[in-house]
Amino acid sequence: MTDTEIISLVNDSLVEEFELEISTMVSEAEIFADLGLDSLDIVDMVVVLEGALGIKIRDDAGLREIHTLGDIHQFVLQKKRETEAAS
Amino acid sequence: MDIFRSQRRVAVTGMGAVSPFGRGVTALISGLVEGRSAIKILDELKEYGGLRTRLAALVPGVDGKEIPRSKRRSMSRQSIFAVLAAQEALAQAALPETEYGSGRYGVVVGTTISSLETSENFFADHFRDKSFSRMKTSLFFKTMNHSAAANVAHFFGLEGRLLAPAAACATGCQALGYAYEMIASGVQDVMVCGGTEEFHPLSAATFDLMNAASFRYNDRPELASRPFDRERDGVVCGEGAGILVLEDLQSAQERGAEILAEISGFATLTETGSIAEPSSAAMQRCMALALADAGVEAGSINYINAHATATEKGDTAEAQALLGLFGDQIPVSSLKGHLGHTLAASGGLETIATIEMMCRGELIPTRNLDEIDPRCQGPRIFTAIEKQTTSLALKNNFALGGVNCSLVIRAGQ
């Protein structure tokens, strides 16, 4: 899967799970302020991303550094690369 | 019970319904007054082995999408029903929203069982590998036993007492009664109360297992639910929510609210001879206690809205109890012939219908009562709309578990 395809899959998954407008899915969108998610949603977001991408991120300390949608994209891309390298 | 009678009077100032006739009290009453049946064939029930009934009374056209996702994420279907019904009731009551968070406004909303649809969806996935890694936070909030009550409280910001009674078919009636007692005793000023139910095949299967679900009319759904009728063969399960706003009568009058009715008496008791069999003696004792709580005699009741779910034993026991306490002159009807049995919602929905009958000056008869069962003969169970002024009504609901519940309702002003 290309990076573009991964980003598209992440966005589609989040749009479906959290009923977001596709127009709000820009890299600089703040997860709490702009996308309207809260701490419970973040827990569910991890479950959704793990399911969509086949990765394990729940215990990753890097999750705490995520503030924007762009941060999610970069985090997920990094995890995919690590997963693929390990396999 | 007498300690409450000497205290505050309790008014009904708002009513909201989500019923098998659709959204709103108007849809509910139109369906009942027009004598329609809300029972339909549910084709998907054919897929279930060991289930004879093919019928249900489902709520049409309600998906809850108008509720923002951030609020809806914790709601099962039965919580959505409760919130939408509460929204209608609170709009009618027109209480000052600035008081919702005062701690004097509470919620009593119950369900038969926590959301089976949610649990089924979770466990169907979970049992593939017994993993919790795909579990989402909404699971608990949708299935906790006080989910519907909590969702109503949170959606509207009602910050007083919160109670989620569970007494199967008597849940809604108990909710109204406990809310009435909280206001009468002065610990709360306003209560949003009632019951809510989402249909699941397990409900129908439970009645079917005990030979108490209708299946002989699978090809004629509109004839299936036949309270007190000689040819009845059991319950048709339904769903919905009936929510009322109760408040201190004096406060309601001072703010100029329309007093739709008063709850003036309540009783609930448990009969422990059998966890499943109805007891005519216990029903009669419960109704007598409710009358005593209201301080009225049996002869002053003008209308009785029966529980009568169209089971052989339940209808017979209730008819005998009614005859024993009220004789053969007071008009009696059951609304299960129209609505099926909406279980936890039935107490709220049928109380709303009873109050509407009192407001309109006409009584709604029992649908599908063509020939009364000789064992149910005695009470005046009428079969056509009757015009009459009703100043006092009695509402019954009885439940598996031996729970009996009765309310006395006084006409509004």
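Mentor: Let us begin with B:Ala168, which sits in the loop of chain B between β6 (162–163) and α8 (171–184). Bear in mind throughout that this is a predicted model. The phi angle of B:Ala168 is near 45 degrees, a positive value in a residue other than glycine. As for its surroundings, B:Ala168 has 21 C-beta neighbours inside 10 Å, and because 20 or more are required, the residue counts as buried.

B:Ala310 is placed in the loop between β10 (303–305) and α12 (312–326) of chain B, and although B:Ala310 is not a glycine, its phi is positive, at about 85 degrees. B:Ala310 counts as buried as well, with 29 C-beta neighbours inside 10 Å.

The loop of B:Ala310 leads us to α12(B), which packs against helix α11 (residues 280–294) of chain B at an angle of about 45 degrees, the two axes being 8 Å apart. At that angle α11(B) is oblique to α12(B), and the crossing of the two helices is right-handed. On the side of α11(B) the contact involves B:Ser280, B:Met283, B:Gln284, B:Met287 and B:Ala288, which meet B:Ala317, B:Glu318, B:Gln320, B:Ala321, B:Gly324 and B:Leu325 of α12(B). Sorted by class, the residues of this contact comprise six nonpolar, four polar and one charged.

From α2(B) the contact draws on B:Val25, B:Leu28, B:Ile29 and B:Leu32, while α14(B) contributes B:Leu349, B:Ile352, B:Ala353 and B:Glu356. Here the division by class is seven nonpolar, no polar and one charged.

To place these details in the whole chain, chain B has 14 helices and 16 strands. Its radius of gyration is 20 Å, close to the 22 Å that the globule rule gives for 413 residues, so chain B is as compact as a globular protein of that length. Of those 413 residues, 57% count as buried, and among contacts in chain B with a separation of 6 or more, 81% join residues 24 or more positions apart.

Definitions and conventions. Residues numbered from 1 in each chain as written. Chains lettered and ligands numbered in written order. Predicted model: local features only at pLDDT ≥ 70, side-chain atom pairs only at ≥ 80, totals over all residues. Contact = placed C-beta atoms within 7 Å. Helix = DSSP H or I, 4+ residues; strand = E, 2+ residues; numbered from the N terminus. Nonpolar A, V, L, I, M, F, W, Y, C, P; charged D, E, K, R; others polar. Rg over C-alpha atoms; globule rule 2.2 N^0.38 Å. Buried ≥ 20, exposed ≤ 12 C-beta atoms within 10 Å, placed from the backbone. Axes fitted to C-alpha atoms, helices over the stretch in contact; angles between N-to-C directions. Parallel < 35°, antiparallel > 145°, perpendicular 65-115°, else oblique. Left-handed = near helix turned anticlockwise from the far one by under 90°.
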